[in-house]
Each structure stands twice: as structure tokens, then as C-alpha cells.
Amino acid sequence: MNGHHAEGAHADGAHADVSVRPAVAGDEREVARIQLAAWRSAHAATLGQEVLESFDEGAFVERWAQAVRMPPAPGYRVLVACAGPRVVGFAAVAPVPPPEGEPLAAPGGVILALEVDPPEQRAGHGSRLLAAAVDLLRGDGADQVQTWVIDGDEARDRFLAGAGMGPDGAVRDLSSGEGPGGEAFVVRERRWYASI
């Protein structure tokens, strides 16, 4: 899985040069656009169209610019998948400290985000991003990887299961804004895990 660079068939049947590289300043606009497009495609039923449409793309661009240019701590990284010169997906990873009271335990890693532009999905970009993320985490000494998945995201469940990950039983509820009647809109996420 080293290099993450291959010649592959593009969705339109033409061959495209595909790769994964570290994000650089200037990638944040495409990363934010892809994140919102992927969420609107995958989570319309769970989050609701009103919530999804309320997201401020400019705020997402600013957050991703900060993450790319000045990560909050060592081990926080953003990767982008490319088809030729075009950014078509991204992943963000971070370290997870060893469990409390186990100072000699290896750290873990978390995939904070992994999204592919909807028209570019099912072309191998997600698998390349996941492999590159795992390689980075291993290089930092991690012995396991985790990520959180919104309930009802069956495509992501299948993708992660195919990559050898599985739910570990941990669940969390997150508020994602207000519902149409002003009530709190809560989504449930399940943690997926694998040893690496």
C-alpha cells in the first residue's frame, strides 16, 4: 500500500492518474465542497435537508484551511485523493492517546473524516485514502484505528466492513442543530474499530 499512486479507470471509462497526497494550502475549498456534497448525498434522511442546507460553506473552508496550515497538534493530518490534478476526496486523521493508566500501551488513531465527491465514488478513492491514513497512523506507532459512523449510513458500514473494520459497541449522540419545530436534532453515531 505504499505510494498510493496507480493508473486506474475513471468513471467515464478514460484512464486517470490517481493518487493520495498530503493536503496543501489551497485545497481547503475543494475539501469543504466535497464534505458538504458527500453529507448532502449520504445523510439527507438522517440529518434532514433543512439542517444540511443550513451549513455555511465558508465556515467549513476556514476550518479546513486551519487544519491544513496549522494542525492543532502533532499527528493531525489531512490527505487528499486526486484524479489527475483534481481533488476528488479527502481524509483527516488524528492520534488517540493510550488508555489512562497504561503508559506503555501503543497509541491509536482516529479517522476524523473520509469523504469522496459523490460523482467520483466507487472508483477506489476511498480505499486509497483509508490505506494512506492507516499507513500514516502506523508510522506514528498506532496499533489500532477507529472512526465514528452516523446510524443509517449503510454505504459507509459496507465500506468499512470490507476494509476489515467493525463496530466495537461504543455509541454517542450528537446534537446537529435544531429540527423543523425548534427541537434539538440529535444523531447517533457508532464507533468502528480495527487493529492495524
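Guide: Welcome! A salt bridge is a side-chain nitrogen of Lys or Arg within 4 Å of a carboxyl oxygen of Asp or Glu. The model above is predicted: local features need pLDDT of at least 70 and side-chain atom pairs count only at pLDDT 80 or more, while totals for chains, interfaces and linings use all residues. Residues are numbered from 1 along each chain as its sequence is written, and side-chain values use heavy atoms, with hydrogens and water left out.

Visitor: How many helices and strands does the protein chain have?

Guide: Helices (H or I, at least four residues) and strands (E, at least two) are DSSP runs, numbered from the N terminus. Read in that direction, the elements run β-β-α-α-α-α-β-β-β-α-β-α-β-β. The totals for the protein chain are 6 helices and 8 strands.

Visitor: Which residue meets Glu28 in a salt bridge?

Guide: Glu28 is buried because its relative accessibility is 8%; buried means under 20% relative accessible area, exposed over 50%, and partly exposed in between (1.4 Å probe, protein chains only). Its side chain has a salt-bridge partner at 2.9 Å, N to O, and that partner is Arg69.

Visitor: And how far apart in sequence are Glu28 and Arg69?

Guide: A search of the whole structure finds 13 salt bridges. In this one, Glu28 belongs to helix α1 (residues 28-42) and Arg69 to helix α4 (residues 57-69), so the pair ties together parts separated in sequence by 41 residues.

Visitor: Where in the chain does Arg172, the salt-bridge partner of Glu189, lie?

Guide: The closest N and O atoms of Glu189 and Arg172 are 2.7 Å apart. Glu189 lies in strand β8, so the pair joins that strand to a part 17 residues away in sequence, with Arg172 in strand β7 (residues 166-178).

Visitor: What polar contact does the side chain of Glu115 make with the side chain of Arg156?

Guide: Glu115 is found in strand β5 and, at 9% relative accessibility, counts as buried. A polar contact is a pair of N or O atoms within 3.5 Å; within protein, one must be able to donate a hydrogen and the other to accept it, and residues adjacent in sequence count only if both atoms are side-chain atoms. The side chain of Glu115 has such a contact with that of Trp39 at 3.2 Å. With the side chain of Arg156, the polar contact is 2.9 Å.

Visitor: Which non-glycine residue has a positive phi of about 65°?

Guide: Look in the loop between β5 (108-116) and α5 (125-139), where Arg122 has its place. Arg122 counts as exposed because its relative accessibility is 77%. The residue with that positive phi, although not a glycine, is Arg122.
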